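Trainee: Could you walk me through reading a few features of this model? I'd like the general idea each time, then the case here.

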Amino acid sequence: SFFLSFFLFLTLSYGDSYWPLSLKHFSENAALWGKSSQSSTFGCGPELALDGLSNTYTHTTSETNPWWRVDLLKVYRVNRVTITNRPNLGYRIYGAVIRIGNFPDINNDRICAVISTLADGATATFSCGGMEGRYMIVHIPGFQKILSLSEVGVYGYLAGNLAVDGATTQSSTITGWFAEKAIDSNRGLQQNTACSSTLNETNPWWRLDLRDVYTISDVVITNRNDCCAEQINGAEIRIGNSLEINGNNNPICAVIPAIPAGESYSYSCAGMEGRYVNLIIPGDMKTLTLCEVEVYEGGLTMSHAFCQQNSEEH
């Protein structure tokens, strides 16, 4: 197909560095790239919790301890889980337990939250505080229970992102656009003030201190989602142990030709060693804005039968 040929062209022409992160790894809602399953199915499959439609929902049979599970395929630090209740008979979700962990068996994973009540069609957000796990599970303890979920979201970042424990600085700061906002696990796609930004200046730079020397495999950069996506063009990613010229004299991992607005691109650094990760845009009258920087030591590694609310409720 055209798309397969295009992606093959990218790989042969540029290597792995210029693939969009959304194609390689995950979107903001990590659940969308996972594999969903549930304990049983009464007409409505587990994938309907990930279809983006609030009037469709999953449905188990009436059973003991029904569950729904998403395999995220990678281990994540989960900051929050969102649950949207079905548009009717929403009381069925009362008492549901949200678990995060690395075991597909529901009884071995840690509890993030318990859903006491949730109105019909309502969405609730549950903080999981960075719990690590490959699986997110919702289950209802008890006999003759039915589990229905309209939509599920899992938000966080891949475990192993070294940047979150680092310290940041930059050459200058636009009011409110602090350097540390580039490592706050918020990609700033809805609110660009969640990003870092320098002033318009000569050779603007941003630096991350990892606090120790690491062998770095990948650096992931998320670009701003508004007027000025082209400002990232030509930025250099540098990795090393020297603070000469504020760290901007360290070896180059990659040069960023362009990143579309709001996109995250991953750049392979092939095991470069260093304590400092710098981004710098050479030239006059440049502004460096970063909505998220992620640094990894290891490799980053359906049918549509709609179950909609209708006159025949079950």
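Trainee: Which strands each supply at least two residues of the lining of the largest pocket?

Mentor: Strands here are DSSP runs of E with at least two residues, numbered from the N terminus. Strand 2 (67-84), strand 6 (151-158) and strand 14 (292-296) each give at least two residues to that lining. Strand 6 provides the largest share, three residues. Bear in mind that this is a predicted model, where local features need pLDDT of at least 70, side-chain atom pairs count only at pLDDT 80 or more, and totals for chains, interfaces and linings use all residues. Residues are numbered from 1 along each chain as its sequence is written, and side-chain values use heavy atoms, with hydrogens and water left out.

Trainee: What counts as a pocket, and which residues lie nearest the centre of the largest pocket?

Mentor: On a 1 Å grid over the protein atoms alone, a pocket is an open set of points where a 1.4 Å probe fits, with protein on both sides within 12 Å along at least five of seven lines; lining residues have an atom within 4 Å of a point. In this model, 14 residues line the largest pocket, and Glu28, Gly156, Ser185, Asn186 and Arg187 lie nearest its centre. The space in the largest pocket is about 280 Å³, a volume being what is filled by probe spheres set on the points, with grid points joined across faces, edges and corners. Domain 1 (30-158) and domain 2 (167-297) each contribute at least three residues to the lining; the domain bounds come from an automatic or database assignment.

Trainee: How many residues of each class are in that lining?

Mentor: Two are nonpolar, six polar and six charged. Asp, Glu, Lys and Arg count as charged, Ala, Val, Leu, Ile, Met, Phe, Trp, Tyr, Cys and Pro as nonpolar, and the others, Gly among them, as polar.

Trainee: What does the side chain of Ser40 make a polar contact with?

Mentor: A polar contact is a pair of N or O atoms within 3.5 Å; within protein, one must be able to donate a hydrogen and the other to accept it, and residues adjacent in sequence count only if both atoms are side-chain atoms. For Ser40, the partner is the side chain of Glu63, at 2.5 Å.

Trainee: Where is Asp120, and what does its side chain reach?

Mentor: Asp120 sits in the loop between strand 4 (110-115) and strand 5 (123-139). Its side chain reaches the backbone nitrogen of Gly90 at 2.9 Å. Contact means heavy atoms within 4.5 Å; beyond neighbours within four places in sequence, Asp120 has contacts including Asn85, Arg86 and Tyr91. At 45% relative accessibility, Asp120 counts as partly exposed.

Key:
Helix = DSSP H or I, 4+ residues; strand = E, 2+ residues; numbered from the N terminus. Buried < 20%, exposed > 50% of the residue type's maximum accessible area, 1.4 Å probe, protein only.
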